[in-house]
Amino acid sequence: MSTSDTMTRPSETPVRPPTPPRRRGWGRWLFALLAIAAIALLVLDWIDKAGKERNAFDALFDANAPTQPEAGSVQLPDGWDRGLDTVGYLESPWLAGVLWALFLATIVWVVWRGIRRHRAGRPLQHAALRRTGAAVLVIVLFVLAGSATANAYVGYVPTINSAFGQVGEDLRGGSRIDQLSIGAPELQVPPGPAYVYVPPGYDSGANRDHRYPVIYLLHGYPGASIDWVRAGDMQQILDKMIQDKLIEPMIAVAPDASGGWVHDSEMVNQVNGPQLETYLTKTVPQSIDARYRTIADRSGRGIGGVSSGGYGALNLALRNQDVFSVSVPMMPYGDPGAVLGSLFDGNTQLLEQNTPSEYIPTMTFTQKMSLLLVAGTEDPQLPTARQLYAQLTARNSPDVDVGLQVVPGATHTWHGATMDSPYGYVFFSDRVKAAGTSGG
């Protein structure tokens, strides 16, 4: 080889190996799954609203099963709740199942990717950031799945809109939900929200002289007045029952029974605290009577509640017979529970005066009182309801009209409340109508 050949030969350029195609990150797949879940929720929301308007959920969501006859119980027609949707899409067990599947799939994916990377000897870029992101995603999915499971059982938040405080729906029934603020500073009760169901036809000129009975509904603990609208489906159930002529048109009021903050108030006059009994039996009814066309005396007034609100409905009615003629304690307690120190400041006399299971055998009935004790077969308070029923019937007094309603399958939840409450509405309506004061 000559020198000139060596000088003119081009230098060899090293050939770079081809760049392997970049793998798509697992985060993109998870993002896509979450996006699909979000779209599915929007579709379910649309179906839910459309279903309410065209009554397309007849066979899917029966709120009540036929009841077993009990003494003094209410009998509802079989299938009366066809077309009544009291289960929102956020309460669906399918949603909880999908979220648990995503949670488990995420864990499997993270572990699988970690094992593959370890075997291949590939270092993880931005390791701390990626591991933190994966941990946050797993925790978020766990919380969402757990919350969806609890909500499917309890039935507290039916839709996304309700979770953000939207109340009332345009069900084309002519009813509405008013939100009021009612307070009593002199009773140490700050202004609190009260939700008022106004029945169809209330604003019609033909009914301008018509007066309506009112049932007051107490929430449990922990809880708030909005619960009866959001979780108790007050508007949907009352609309359906009025439409089917199972009850007379009535006003329903869900007041704040906590006294300004969430605590176990038991709706009593607390020592050195909010005077909830006086507020709920005087301030609230007077405010409602001043604003709406009500039957403004005990003959047109009833009180109901669930759980601790059921205790309140019983205790307040028995202690204020001049205010209420009907009481519907649902899932009731016979005493205020372990609140001697916090509510009555150790005063045993006040405790006894606010313990129905203690004072019913010797109390004085000054006026006729109608009571319906309601509990489900799956409700741990059913034995208490039976005990209270036995105590009231043992009085053998013509002034005591008492019934016991056992609802098959109903639990101590808001799902149970939607199954229990229709019987209470019918009982109240029937007693007011029998007294000859409905309408007028």
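**Reading burial, salt bridges and helices**

Colleague: What is the relative accessible area of Asp 244?

Modeller: Asp 244 has a relative accessible area of 31%, which means that it is partly exposed. The labels work like this: buried is under 20% relative accessible area, exposed is over 50%, and partly exposed lies in between, with a 1.4 Å probe and protein chains only. Before we go on, note that this is a predicted model, in which local features need pLDDT of at least 70 and side-chain atom pairs count only at pLDDT 80 or more, while totals for chains, interfaces and linings use all residues. Residues are numbered from 1 along each chain as its sequence is written, and side-chain values use heavy atoms, leaving out hydrogens and water.

Colleague: Thanks! With which residue does Asp 244 form a salt bridge?

Modeller: A salt bridge here is a side-chain nitrogen of Lys or Arg within 4 Å of a carboxyl oxygen of Asp or Glu. The partner of Asp 244 is Lys 240, with 2.4 Å between the closest N and O atoms. Lys 240 is buried, at a relative accessible area of 13%.

Colleague: How many salt bridges does a search of the whole structure find?

Modeller: The search finds eight. One of them joins Arg 319 to Glu 277, whose closest N and O atoms are 3.1 Å apart. This pair links distant parts of the chain: 42 residues separate Arg 319, in helix 9 (residues 308-319), from Glu 277, in helix 8 (residues 276-291). Helices are DSSP runs of H or I with at least four residues, numbered from the N terminus. Arg 319 is partly exposed at 34% relative accessible area, whereas Glu 277 is buried at 6%. Salt bridges with shared partners also tie Arg 176, Asp 178 and Asp 203 into one network.

Colleague: Why are Arg 230 and Asp 227 separated by about one helical turn?

Modeller: Because they are three residues apart in helix 6 (residues 227-230).

Colleague: Where is Lys 240 among the buried residues of helix 7?

Modeller: Lys 240 sits between Asp 239 and Met 241 in that list, which also includes Met 234, Ile 237 and Leu 238. Nine of the ten residues of helix 7 (residues 234-243) are buried, so the rest of the structure largely encloses this helix. After helix 7 comes Lys 245, with a positive phi near 60°.

Colleague: Which residues touch the most other members of the largest nonpolar core?

Modeller: In soluble globular proteins, nonpolar side chains tend to be buried together. A nonpolar core is a set of buried Ala, Val, Leu, Ile, Met, Phe, Trp, Tyr and Cys residues joined through side-chain atoms within 4.5 Å. The largest one here has 48 residues, and Tyr 279, Leu 280 and Ile 288 touch the most other members. Contact means heavy atoms within 4.5 Å. Beyond its neighbours within four places in sequence, Tyr 279 has contacts that include Ile 182, Leu 187, Val 189, Asp 256 and Pro 285. Apart from this core lies another, of 39 residues, including Val 74, Leu 238, Ala 417 and Phe 428.

Colleague: And what is Val 138 in contact with, leaving aside its neighbours within four places in sequence?

Modeller: Val 138, in helix 4 (residues 127-154), is in contact with Phe 103, Thr 106 and Ile 107. Val 138 and Phe 103 are 35 residues apart in sequence, yet their C-alpha atoms are 6.3 Å apart in space. Ile 107 belongs to helix 3 (residues 93-120).

How values were computed:
Helix = DSSP H or I, 4+ residues; strand = E, 2+ residues; numbered from the N terminus.
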